[in-house]
Number of protein chains: 2
Amino acid sequence: MNLDVRQLRAFITVAQFGSFTRAAGCLNLSQPALTVQIQKLEDGLGVRLFDRNTRSVSLTRIGRELAPQLGRILSDLDAVVGDTRQLAQGQQGVVRLAVLPSYASGILPEIIAAFRRTNPQVSFVIRDVIASRVAELTRQEQVDLGIIGGALSDPDLEVLHRTQDHMHVVFPDGHKLGNLDFVTIDDIAPLPLVLMDPATSVRAIVDAAFLAAGRQPIVGAEATYMSTAVGMVRAGLGVAILPGSAMEVHAEQTLRSRLLNAANFARQIALIKRSGRTLPPVSESFALMLMKELPAAQGVDTA
Amino acid sequence: MNLDVRQLRAFITVAQFGSFTRAAGCLNLSQPALTVQIQKLEDGLGVRLFDRNTRSVSLTRIGRELAPQLGRILSDLDAVVGDTRQLAQGQQGVVRLAVLPSYASGILPEIIAAFRRTNPQVSFVIRDVIASRVAELTRQEQVDLGIIGGALSDPDLEVLHRTQDHMHVVFPDGHKLGNLDFVTIDDIAPLPLVLMDPATSVRAIVDAAFLAAGRQPIVGAEATYMSTAVGMVRAGLGVAILPGSAMEVHAEQTLRSRLLNAANFARQIALIKRSGRTLPPVSESFALMLMKELPAAQGVDTA
DNA sequence: CGATCTTACGGGATTCGTAAACATA
DNA sequence: TATGTTTACGAATCCCGTAAGATCG
């Protein structure tokens, strides 16, 4: 004996209307079909739910006790299903994202803001952690999407999109290099530099670029946070080399920045997810926006 | 697009087992059929619920959020349906009963006790009120069954069973009438009587019996409650005429009682219900027991 | 290659709507 | 008699199980 939500809904509706005919109209059902459904429900429960004669329909005592309980269950179900359908539209829900801190403080807030202009009901949970932890959180499915720098060699993770984060040189306003369209390693090699912590991917790229150019960087200062580095530039300790994704937030009147012409040493950025896992619609939708906003690297799209 | 409890149950089961094949076995379903059901559910919700490859099945984030909610709804539903099926068996539930006070304090408790020996989980709500109120409560469906004395002339009420409550004479032990098998109006007419309140049906019957016999009752005392009347008998104020249904409770060593041979004036007792209304199974079952225990009057069974 | 999910298809059950029968005020 | 519920029945749909196909480890 099998219950059917349609039967329950039919029961509630007849109970509300007190009439098979009117309830049938409300349910887009012929009245005989409704009668049969109610009979099936009564058979299934083993209880008569309505006392019906040709003039009136009224709930049995058991039916009267049952109606509110089933009504609540049905409305709960409808609520859950409704919420889920909302989530399915992708215009509601939570996007869970793990990002490199440098990326999180750069262009990402703008992209999120733009996304939320279109989908105001979407909220974000952002974990700004180091690249290895980004990968870990993504693998464990504690986040839907990850943005990492550098290479990826985990079969459990899948690259959705690649982009490059070109390096920029930040120097005080009025600096002699401010007139150039871009600067080269050779341009800045003679200057004292504000470098990032040797543990960071940015520093690794800078070192590689200098090595490739056969030059030795002159360390004017080292910082762990990019905002600190910017402060040191402002204080005159040297010029900094920072990723383009962080430029917007550090753009100030007293500073200028120029593209470092060392494209080969741009930071490789990858948007990743757990491979073989379906993204929630919101996150899927946000991933599409990221892929549209971030210029695709000419590299392959596969891990 | 229609939801089906079977689909929900299938979803929960697959989520629990993490495998279509094993879940199908648990659901007594072939595995392809289960796949189709899950697909239908996913289509209906517009959301992918499982990430499945040939080696493993795991919940999507949305599926993971949905599973406990739907699980709770399903278990609520199962609980309600289970309870209802219990009620349908008639071995559980509440019997709501309105009874004449004189009847309620007499044989009814014994019948209820016997019923509960068979159906220990059944509880009773008993309203012991005057006959007109019994009819009213029954008509308003505040009780399932009513036990009234006298005639019934309400088309909304239906007589399930009729029985008679013969009158008994209660007198002190050692009284000279104690040797008789039964007593007549003529036997007691010379004695002072403990009569019930003129508003009671018992008194009406006694008065009618004396009238028919062409005798005049000698009022030794009047009481509203039968227990009071019995006390007055014990105190020697006279002999009482009380309905047989109340004899058991007032049977004492110091008193005796004998049937009053005035059968035509026995109190007519009717078991009634609201006509056209189905009784809850418990009450139906209890009504059957009453009809078995109370000897049927030779009268008609219809109103 | 083996285990598992997916697709395809035919048989059986279920459900619907129309129409006729039935019941009560 | 009029209104509204129940029964009957043919058509369409849905669901299941078997069998074959596809996929990943």
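Modeller: By class, the surface near DNA strand D is made of eight nonpolar, nine polar and four charged residues. Keep in mind that this is a predicted model.

Biologist: How do the residues near DNA strand C divide by class?

Modeller: Eight are nonpolar, 10 polar and five charged.

Biologist: Let's pick one residue. Where is Arg22(A)?

Modeller: Arg22(A) sits in helix H2 of chain A.

Biologist: Why does Arg22(A) count as partly exposed?

Modeller: Because Arg22(A) has 15 C-beta neighbours inside 10 Å. A residue is buried at 20 or more and exposed at 12 or fewer, so a count in between is partly exposed.

Biologist: How far apart in space are Arg22(A) and Ala297(A)?

Modeller: They are 63 Å apart, C-alpha to C-alpha, and 275 residues apart in sequence.

Biologist: Change of topic: how many residues does each chain put into the contact between A and B?

Modeller: Chain A puts in 31 residues and chain B puts in 31 residues.

Biologist: Which element of chain A gives the most?

Modeller: H4(A), with 14 residues on the side that touches chain B. By class, that side of chain A has 14 nonpolar, eight polar and nine charged residues.

Biologist: Last topic, the sheet in chain B. What is the strand order?

Modeller: Five strands run in the order S4-S3-S5-S13-S6, forming an open sheet with mixed pairing.

Biologist: Which strands stand at the edges?

Modeller: Strand S4 (122-128) and strand S6 (157-165) of chain B. Each has a single partner strand, so one side of each lacks a neighbour in the sheet. On average, neighbouring strands of this sheet are turned by 20° against each other, direction ignored.

Biologist: In what sense do S3 and S5 of chain B pair?

Modeller: Strand S3 (residues 93-99) and strand S5 (residues 145-149) of chain B pair in the parallel sense, over three bridges. Leu97(B) has Leu145(B) in S5(B) as its bridge partner.

Conventions:
Residues are numbered from 1 along each chain as its sequence is written. Chains are lettered from A and ligands numbered from 1 in the order in which they are written. This is a predicted model: local features need pLDDT of at least 70, side-chain atom pairs count only at pLDDT 80 or more; totals for chains, interfaces and linings use all residues. Two residues are in contact if their C-beta atoms, placed from the backbone, lie within 7 Å. Helices (H or I, at least four residues) and strands (E, at least two) are DSSP runs, numbered from the N terminus. Ala, Val, Leu, Ile, Met, Phe, Trp, Tyr, Cys and Pro count as nonpolar, Asp, Glu, Lys and Arg as charged, and the others, Gly among them, as polar. Two strands pair if DSSP finds at least two bridges between them. Axes are lines fitted to C-alpha atoms, for helices over the stretch in contact, and angles run from 0 to 180 degrees between N-to-C directions.
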